[in-house]
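User: I am new to this structure and would like to learn how to read some of its features. Please take them in turn.

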Amino acid sequence: MSRRDTIEAALARLVAASWIERLLLSIAAIATSIVVGGVIVLVSGMAATCEEPAFAFFGPTSCYDPIGVYVQLFQGAIGDVLGDPFNFRLALTLKETALLVFTGLSVAVAFRAGLFNIGSQGQLVAGALATALTVLFAAPFVPAALGAIVLVPLGLLMGAVFGGLYGAIPGALKAYADANEVITTIMLNFVAAQVAFFLVSSYFSAPESQSVETRTVPGAAVLESTLFGAGSNFSVFVFVLGLALVAGLYYLLQRTAFGYDLRTSGLQAEAATYGGVDPKRTVVTSMALSGALAGVGGAVWVLMVAGRFTAAVPALGFDGITVSILAGNNPLGVVPAALLFGVLKSGSLAVQLETGVPKQLVGVLRGLIILFVAMPEFFRLIGQRFVTPDREPVATDGGEPIEALQTPREAQSEPPGSEPGETEDGR
Amino acid sequence: MTNAVELREITKRFPGVIANDDVSLAVEPGTVHALLGENGAGKSTLMNVLYGLYEPDSGTIELDGQSRTFDSPRDAIDAGIGMIHQHFMLVPPMSVAENVVLGHEPKKWGGLATDRERASNAVDELAERYGFAADPDAAVEDISVGEQQRVEILKALYRGAEVLILDEPTGVLTPQEVEDLFSVFEDLTAEGKTLVFITHKLGEAMEAADEITVLRDGVNVGTVAADATSREELAEMMVGREGGLDVDAVPADPGAPVLSVDGVSVSDEHGGEHVTDTGFSVREGEIFGIGGVDGNGQAELVEAITGLRTPDSGTVGLGDEEITRVSRGGHIERGMAYIPEDRQERGLVMEFDLTENGMLGSQHIPPLGGGRIDWNGARDHAADVIEAYDVRPPAPAARAGSLSGGNQQKFVVGREFERDPDVVVATHPTRGVDVGSQEFIHNRLLELRDSGVAVVLVSANLTEVRGLADRLAVMHDGGFVDVVDPDNVTEEELGLLMAGERPEERERADVTADGGGGTRDESPGDGTDAGQRSTEGER
């Protein structure tokens, strides 16, 4: 077997993995990354100088305790849940998780339609700015008693609408001008950030502020921190909203004709066209839906976390790409994937506070975990694109009923050297 | 005399298919050898074996009497074999000279840089020797397709090829470029090169080749000298005869016209015309067959009818409504079922299970489709199709990609037939299907006809179209050569028609269902236009 065959067979196996196998792969990946990260911590600790070694290793001593670091990383994310179930560390974890659910869903839905939306960040910025400005302008006209009931839905709606419109732009460019969405969405990220900066600094800046930011939205429009203490910036309502969107999106993709069109386009555009799907319209609507989800994320960020629009928008859109890949682009997988990010964010803060490990090294450990977990899914994506596990029929007609289902994938991969589409007579 | 190429008893299997079954091929040096056959006959596979892309399961390769084994194309290139693929392997922004020497660049400065001057000179010299006009400094993206093909040939010659394999070299060329290519063939053989070219066009094989080998279903049917054969003989060899079709067809009892196609022309984005001013109509309870050698415009005509492609001119009507510009989805809603030629690209989503695939096309149509899809109903529907059409494994949860080709086909056929259609457009409905299921599909097709469905049946299998069709159009070079009564036509006549020649004295069935009177400019009464145009095209 040549090297190419081996690689193709491995990719095909990965593509064919069941979700349980994928879950086990993720767990194994975390374990591996802990081993690798632990060695790095240990070795760095040996090179560092400190008053009192934290860890002894058959003689040589290390300033950092590799086991303690990981214990802190995961325990710090949940805090002292038994003593205080609503502690700030858990709040931080859940806040990050909630924010990333929106952008993770955004990237995932585009992926399902066969589109690589790198532009969730820009769509989030567009949604966030629209939300902040709408709420600021509408607030004086809304009676105080109705403030929360009107302003919060209005803000979320405007976030969705403007994020959606901003997502529809690269969709339309792809559908009608054949412009690759990867390139256009990357460029539109810059456009969104710069236009938002210009608008806010020139027209909407808060009068007394030195930085580029709008005025603070009125208290009625803020998504209050419930259950978790004030200052946690985490509203359970948002978490519920995120979960509802996950469920809604799953339903949309799996149970509706629109979702069927979208998934079919993503998997096999030719077959979708044959089945009566309008490919151009599907590209635009998928991108608009993707953008709307990112826009809601922007709205939530403004109403729950920042309380205003500032030019310093966190990179939730970009993290959403990783979250979506970790989730295998499945809406249901977005929640655990976002949770992993939340845990790492909150946990690494705890590591910095509780141990002597510098934050740069903690960043390395976080990166390792994400890298290790993402790699199998990443290769699955590549595999889906380049390895077509069973384009060749398994058996001639009248094949045995059950065997046909269980034939090893390796036997079905393309013969070596053949390019996709360069089958018999190139037709 | 030792043969330049000698393939002995080559067998190459892919999972589920024998692409080449004990195929032998001998090519004399300094000659042009055509490998003729329909799509899927195994021509490209055989040549890929010779080029080292595939390793044969058994059989031997000899070049100039010496036994060879190739692990990769590199070995084959080193042994003096060059292959020009149908889709060129050129780098568009780079110059002709750079493309020719790519991978074997003359070096200067101790191998640090390409010696452009020497490359350019080498290309000039080669071009002159073989009588090509080529500007070595022109960018490949700026030159015509015919010139690009010559760059590919130069590339192979530069690498020292003695045997050149050309895969469907005329597929992308204009008629004038084809002529030029064939004169290049002569120059090359005059210099002692040996050429093997793959084609499914028998006219080209007869014109350009010294010898012709016909492959059918992976088997070498025979090798004939080009000047000692006829078009009819070649057409028969290509299409072959399978035993008679066993169907108990009651004579058709056609009703009102349902599908009417009028003056349809289809061309691709490069301007090549695939269908020229073609029209017909199909009545309720009638099977209209379209036969002919693959690649004569059947696929494009079907795409225009089914809404996958908008024709350049002409109209398609369904009932009283014109549907020329109606979307693909609109065609499905109006009751048109369509069995596509390519089940793995179009007919099925390979990653979906059969339940999901059963909904392809009906996802927006109640009762199962619509806003929300009734997946329980869809599963039952898939199970019904699976049972009725004997799809194995009989599991709605089986992934389409895990099924064998024949079972995939049965599922597609079943799904489309059970749509309760008014019109069925079936292209190669029994391709790759076992004999028992073929018979079932044929009978089901006749049942549909008898229940008043209008059927368009496109098949390269002559026995099938002859046995089933009530009227049979033979397509050649983008148009109907003739429309005949399949019960009153001999095999020889069909062979001639498929080659684009129309015996003048033969009686014709009507092109249009209602007797053809005056609905088209080219009415059947005087209608030799199509035939004449086609034969002219050949000369």
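**Aromatic pairs**

Analyst: Over all chains, the count comes to 18 aromatic pairs. The model is a predicted one.

User: Why is the pair of Phe137(A) and Phe204(A) edge-to-face?

Analyst: Planes over 60 degrees apart count as edge-to-face. The planes of Phe137(A) and Phe204(A) stand at 85°, with the ring centres 6.1 Å apart, so this pair is edge-to-face. The pair links distant parts of the chain: Phe137(A) lies in helix 5 (residues 120-138) of chain A and Phe204(A) in helix 7 (residues 181-204) of chain A, 67 residues apart.

User: Is Phe204(A) buried, exposed or partly exposed?

Analyst: Buried means under 20% relative accessible area, and exposed means over 50%. Phe204(A) has 26% relative accessibility, so it counts as partly exposed.

User: What kind of aromatic pair do Trp301(A) and Phe309(A) form?

Analyst: Trp301(A) and Phe309(A) are edge-to-face, with 90° between the planes and 6.4 Å centre to centre. Trp301(A) is buried, at a relative accessible area of 5%. Phe309(A) is buried too, with 2% relative accessibility.

User: Which residues do ring pairs link into a cluster?

Analyst: The cluster linked by ring pairs holds Phe137(A), Phe198(A), Tyr203(A) and Phe204(A).

User: What sits over the ring of Tyr274(A)?

Analyst: The charged end of Arg328(B) does, at 5.0 Å from the ring centre.

**A residue in a loop**

User: Where is Met359(B)?

Analyst: Met359(B) is in the loop between helix 12 (354-358) and helix 13 (375-388) of chain B. With 1% relative accessibility, Met359(B) counts as buried. Leaving out residues up to four places away in sequence, Met359(B) touches Tyr260(A), Leu368(B), Gly369(B), Ile373(B), Trp375(B) and Ala378(B). Asp374(B) is 15 residues from Met359(B) along the chain, and their C-alpha atoms are separated by 9.8 Å.

**A sheet in chain B**

User: How do the strands of a sheet pair?

Analyst: Strands of a sheet pair through backbone hydrogen bonds, in either a parallel or an antiparallel way. In chain B, four strands form an open sheet with antiparallel pairing, in the order 14-13-16-17.

User: Which are the edge strands?

Analyst: Strand 14 (273-283) and strand 17 (321-322) of chain B are the edge strands, each pairing on one side only.

User: How many bridges join strand 13 and strand 16 of chain B?

Analyst: Strand 13 (residues 257-267) and strand 16 (residues 313-318) of chain B pair over five bridges, in the antiparallel sense. Ser265(B) stands opposite Ser313(B), which is in strand 16 of chain B.

Definitions and conventions: Residues are numbered from 1 along each chain as its sequence is written. Chains are lettered from A and ligands numbered from 1 in the order in which they are written. This is a predicted model: local features need pLDDT of at least 70, side-chain atom pairs count only at pLDDT 80 or more; totals for chains, interfaces and linings use all residues. Side-chain values use heavy atoms; hydrogens and water are left out. Rings of Phe, Tyr and Trp (its six-membered ring) pair if their centres lie within 6.5 Å; planes under 30 degrees apart count as stacked, over 60 as edge-to-face and the rest as tilted. Helices (H or I, at least four residues) and strands (E, at least two) are DSSP runs, numbered from the N terminus. Buried means under 20% relative accessible area, exposed over 50%, partly exposed in between (1.4 Å probe, protein chains only). A charge sits over a ring if NZ of Lys or CZ of Arg is within 6 Å of the ring centre and within 35 degrees of the ring normal. Contact means heavy atoms within 4.5 Å. Two strands pair if DSSP finds at least two bridges between them.
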